[in-house]
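The model is predicted.

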Amino acid sequence: MKTYKHSSLNNIVPFAISNRSNVSTLPNIVVSSSESKRRIEDLKTFVEEVMVKGIDYGLVDGFSKPTLLKSGAEKLCDVFGFSKIVEVVNRIEKWDTGIFAYEVKMTLTRKDNGVIEAEGLGSCNSKESAFQQQDSYTIVNTVLKMAKKRALIDAVLSATRSSGIFTQDIEDFQTQSSIKGGDETITKRQLLKIHQIATDLQIRHEVAKEMMKMKYQVDHSTKLSKKQASDFIQDLLHLKDVFNEKKKLNMQNTEE
């Protein structure tokens, strides 16, 4: 092995140069292909058996992969044993003009040893299309929460290596026609039906709100059009059928 030494010049000593060409600078694979496949299969099994369509993830027309929702991201955090640390890294609050924007960093650490597993970034501002028909002064907290949600999902997708299964924020690409969904307003009968099914399914208010935001860009059932309400009721009825089917299977397994 040859080492070339250089004399110091102006107190600057250059690094020694080595001709060890046989040493590879590429990193080694620390997880075998079989172990990697097993982890991916375990994740897919968890998604299929534990996570619920319409609550933990949703499907949007035109996209092959479902979008991960806040409820699903929190479930994945729990099962992987992650703790969440939230930090607002940038904020714009112009109360004179009604412009608000937030950028949030979500850090996921392992509960067993405190090691940082992943970091995610999310941003939201009051000028987004979803907020165009709303008073910007009344949605400041909503904008901040949306930024936090996006940062959480970004971090979870990275930490759990589930970007091959889910995507995020594809609801932002929906066309305005699908958001509008007709001019007739929701009927009182439809409102009662939505409330009844949601109560039967024990769906929390914030979960129902998240579902409506994802598909229709509204945060309350009273803001749905008649057509949107009809579609939402069908989604809830389908979800009810899924729950009833799972309940039957659980009862059969218990009896056996």
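## Helix H6

The buried residues of H6 are Val207, Ala208, Glu210, Met211, Met212, Lys213, Met214 and Tyr216. The helix covers residues 205-216, and its 12 residues should span 16 Å at 1.5 Å a residue. The end C-alpha atoms of H6 are 16 Å apart, which agrees with that expectation. Just after H6 comes glutamine 217, with a positive phi of about 60°.

Strand S6 (residues 99-110) is joined to S7 by nine bridges. Within this pairing, leucine 108 has alanine 118 in S7 as its bridge partner.

H3 has 20 residues; the distance from its first C-alpha to its last is 29 Å, close to the 28 Å expected at 1.5 Å a residue. After H3 comes arginine 161, which has a positive phi near 55°.

## Glutamate 128

Glutamate 128 sits in the loop between strand S7 (116-125) and helix H3 (140-159). Its relative accessibility is 18%, so glutamate 128 counts as buried, the cut-off being under 20%. Leaving aside residues up to four places away in sequence, glutamate 128 touches Ser123 and Arg150. The side chains of glutamate 128 and arginine 150 are joined by a polar contact of 3.0 Å.

The model has six aromatic pairs. One of them is the stacked pair of tryptophan 95 and tyrosine 137, at 6.3 Å centre to centre with 25° between the planes. Tryptophan 95 is in the loop between S5 and S6 and tyrosine 137 is in the loop between S7 and H3, so this pair ties together parts 42 residues apart in sequence.

Tyrosine 137 is partly exposed, with a relative accessible area of 38%. Phenylalanine 100 and tyrosine 137 form an edge-to-face pair, 6.1 Å centre to centre and with 80° between the planes. Because phenylalanine 100 lies in strand S6 and tyrosine 137 in the loop between S7 and H3, this pair ties together parts 37 residues apart in sequence. Phenylalanine 100 is buried, with a relative accessible area of 0%.

Definitions and conventions
Residues are numbered from 1 along each chain as its sequence is written. This is a predicted model: local features need pLDDT of at least 70, side-chain atom pairs count only at pLDDT 80 or more; totals for chains, interfaces and linings use all residues. Side-chain values use heavy atoms; hydrogens and water are left out. Helices (H or I, at least four residues) and strands (E, at least two) are DSSP runs, numbered from the N terminus. Buried means under 20% relative accessible area, exposed over 50%, partly exposed in between (1.4 Å probe, protein chains only). A polar contact is a pair of N or O atoms within 3.5 Å; within protein, one must be able to donate a hydrogen and the other to accept it, and residues adjacent in sequence count only if both atoms are side-chain atoms. Contact means heavy atoms within 4.5 Å. Two strands pair if DSSP finds at least two bridges between them. The expected span of a helix is 1.5 Å times one less than its number of residues. Rings of Phe, Tyr and Trp (its six-membered ring) pair if their centres lie within 6.5 Å; planes under 30 degrees apart count as stacked, over 60 as edge-to-face and the rest as tilted.
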